[in-house]
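Here is a friendly briefing to read with the model open beside you. Please take a moment to look over the fold before moving on to the notes.

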Amino acid sequence: MIQFFKNNIEPRKKLRTAEIIVLIALVLGSIISLCVGLKEVHSNPGKVDYVQSIVMKRNTQDEDYSSDNTVCDVTYSKGDKQLVVSYSYEEYTQLKNKTITAYEFKTSNGTDLYFDHKDVSQKEVKNSYKQVMANKTMYIFNLASSLFILSLSLALMLLFSKQFTTYEKSWFMTIMVLATIFAVAFPEESANGVNGIVIMLLYLLDTFLNILCELLISKQSRYNFLVSVAVEIAEIAMCIVLMYRFATMVTTLFFWLPIDIISYINWSKHKDEEEDELTMVRKLKGYQEVLVIVGIFVWTIVVGYFISGLDIATDFYTNKTLETWIIYIDACASAVGIANGLFIFFRLREQWIAWYICAALEAIINILSGQYVLLILKLGYFTNTTYGYIKWTKYIREHQKTNEKLSLF
């Protein structure tokens, strides 16, 4: 018997040691990547020589500015050579020429810089060089962010290893590894004056927090609402930075944050009698489901129509038709989200069906918006939603008599 326990303990110790080594490697990799990126961005451009003047053509298809924009970036290009000039809205409205004379300079390390005037100051050279190097090294910063979030994920699974099954830990880490790969493979462009590196970090943080929250819900843990508060803050920050999905932002601010707090209180009142960490759950009746569907349809039409009529400036989208479609899809997603929040509050199994619909709608928005790293989050939704639905259904069947007497509040 003693030998049996020894044989089981030894592999666990080795696995634990291996996981700690991987964690240390991830942290070091994140620090090293960050240092390399910062060194490149803040390096000295050295001697800068004038090369030639080039006539570049204006890319008008990337422009969709209104009086709400204080800065209007206009892109000019010729082949792979590109110049971005920032104008005030007044200057932008007076632009008539479709071309510009750009002046090409080359640094001592072979980096090409472009300006709309020939007599450039050293300060302008440094700022332009820093921006070019930031774009060139974006994958390094994305790698640093990804490895940091990945190390945070692994540390969490190690710290609370007894609270999660092998499947749950494997699922969680798989999603985060895929998010890391996508973050490096599909870097995010800057938008509304915010660097793409910051936007990608928000995407990764949103993915990490959301799948952790989803996992805790599937485990019927009331602590999911504490994580959910952090999720709402991250998603509000994304909406503000990208100046989009205002239906979701308003819903998050005025519905999700309050519902998270009162849901935590409600779930705490309905602990399972045998397992304190579990919350008792139940399911809806047929006519209640019909009322929910009607409510979602009405909300989508009314809110979508209202927001599409607002003149909100963002350079995240350059196509007005695309922006309108996304507004209506977002309105529908926010309606399903509200239904989902109420289902979770009342501990109803139908919240998993709402998760399916919401994940599908948000996946469409992510594809149309080019936010490919967030598709990993939707993959996590779909897989964990199936897992959670099965777990909750099994629990409801095993506690059918108790659920018949169970009140919603």
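This is a predicted model: local features need pLDDT of at least 70, side-chain atom pairs count only at pLDDT 80 or more; totals for chains, interfaces and linings use all residues.

Of its 409 residues, 47% count as buried.

**Overall surface**

- The chain exposes about 21700 Å², and carbon and sulfur atoms supply 64% of that area.

**A helix pair to look at: H7 and H8**

- Two packed helices are described by the angle between their axes and the distance between the axes.
- Helix H7 (residues 224-242) packs with helix H8 (residues 246-268) at an angle of about 175 degrees, and their axes are 9 Å apart.
- Because angles over 145 degrees count as roughly antiparallel, H7 is roughly antiparallel to H8.
- On the H7 side, the residues that meet H8 are Asn224, Phe225, Leu226, Ser228, Val229, Glu232, Ile236, Cys239 and Ile240.
- Their counterparts in H8 are Met249, Thr252, Leu253, Trp256, Leu257, Asp260, Ser263, Tyr264 and Trp267.

**Salt bridges**

- Side chains of opposite charge can pair when their charged atoms come close.
- The structure holds five salt bridges, and three of them are described here, starting with Lys81 and Glu104, whose side chains meet at 3.7 Å, N to O.
- Lys81 belongs to strand E3 (residues 81-87) and Glu104 to strand E4 (residues 99-107), so this pair ties together parts that are 23 residues apart in sequence.
- Lys81 is partly exposed, with a relative accessible area of 22%, whereas Glu104 is buried at 3%.
- Lys106 forms a salt bridge with Asp112, and the closest N and O atoms are 2.6 Å apart.
- In that pair, Lys106 is partly exposed at 32% relative accessible area, and Asp112 also counts as partly exposed, at 26%.
- Lys378 forms a salt bridge with Glu362, with 3.8 Å between the closest N and O atoms.
- Lys378 sits in helix H12 (residues 374-398) and Glu362 in helix H11 (residues 351-369), so the bridge ties together parts that are 16 residues apart in sequence.
- Lys378 is buried, with a relative accessible area of 3%, and Glu362 counts as buried too, at 14%.

- Ile217 is part of helix H6 (residues 196-218) and counts as buried, at 1% relative accessibility.
- Leaving aside residues up to four places away in sequence, Ile217 touches Asn224, Ile344, Gln351, Trp352, Trp355 and Trp392.
- One of these partners, Asn224, is also among the H7 residues that meet H8.
- Ile217 and Gly388 are 171 residues apart along the chain, yet their C-alpha atoms are separated by 7.5 Å.

**A nonpolar patch on the surface**

- Which residues form a nonpolar patch on the surface? They are Ile20, Ile24, Leu28, Ile32 and Val36, which together have about 430 Å² of accessible area.
- Ile32, one of the patch residues, has its place in helix H1 (residues 2-41).
- Is Ile32 buried or exposed? Ile32 counts as exposed, because its relative accessibility is 53% and the cut-off for exposed is over 50%.

Methods. Residues are numbered from 1 along each chain as its sequence is written. Side-chain values use heavy atoms; hydrogens and water are left out. Patches are made of residues with over 30% relative accessible area and no salt bridge: like charges are joined within 9 Å, nonpolar side chains (Val, Leu, Ile, Met, Phe, Trp, Tyr) within 5 Å. Accessible areas come from the Shrake-Rupley method with a 1.4 Å probe; for residues, only the protein chains shown count as cover. A salt bridge is a side-chain nitrogen of Lys or Arg within 4 Å of a carboxyl oxygen of Asp or Glu. Helices (H or I, at least four residues) and strands (E, at least two) are DSSP runs, numbered from the N terminus. Buried means under 20% relative accessible area, exposed over 50%, partly exposed in between (1.4 Å probe, protein chains only). Axes are lines fitted to C-alpha atoms, for helices over the stretch in contact, and angles run from 0 to 180 degrees between N-to-C directions. Angles under 35 degrees count as roughly parallel, over 145 as roughly antiparallel, 65 to 115 as roughly perpendicular and the rest as oblique. Contact means heavy atoms within 4.5 Å.
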